[in-house]
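Grab a pencil and work through these exercises with the model beside you. Try each task before you read its solution.

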Amino acid sequence: MIQIENDAKIINKRTDQNFKRLINTRYQINVVFNHYSNTFNFLMNVAHPKKRSRSIPLHTVETDDLVYLESLIKRIQAHTQLTITYTGFVGEKWPSDLRPIQRTTGAREDKQYLK
């Protein structure tokens, strides 16, 4: 439990540092499941219409446990209202309610990990 609190604290602190509240700027957190190293990477995407979009690394969690991730996401959502998107989670479901983690109905589907 201590490790999850530390991970949430690091991610929330770095999110706050990079959240500048600029007008016409979209901020969102992206969680990427790296299947090769069995880690979750947290990134902050910053998009402004007249500037180049940026993806700022926030933290890497050294586990592939979805129960751990779900608990971590709840702590992050309690701290921030930013949208959280998921990449690399096609076919994965949240352990608590079995809802799909990543939606795949859009034009830019993530088919990278489909079997």
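Helices (H or I, at least four residues) and strands (E, at least two) are DSSP runs, numbered from the N terminus. This is a predicted model, where local features need pLDDT of at least 70, side-chain atom pairs count only at pLDDT 80 or more, and totals for chains, interfaces and linings use all residues. Residues are numbered from 1 along each chain as its sequence is written, and side-chain values use heavy atoms, leaving out hydrogens and water.

**Exercise 1.** Find where Asn38 lies and work out what its phi is.

*Solution.* Start with the place: Asn38 sits in the loop between β1 (26-34) and β2 (39-47). Next, its phi is positive, about 55 degrees, although Asn38 is not a glycine. Most residues other than glycine have a negative phi. Finally, Asn38 is partly exposed at 37% relative accessible area (buried is under 20%, exposed over 50%, partly exposed in between, with a 1.4 Å probe and protein chains only).

**Exercise 2.** Now do it for Leu98: is it buried or exposed?

*Solution.* Look in the segment after β4 (83-87) for Leu98. Its phi is positive too, near 60 degrees. With 59% relative accessibility, Leu98 is exposed.

**Exercise 3.** Sort residues of α1 into buried and exposed.

*Solution.* First, the buried ones: Ile4, Asp7, Ala8, Ile11, Asn12 and Thr15. They share one side of α1, because their arc around the axis is only 125 degrees (taken from the directions from the helix axis to the C-beta atoms).
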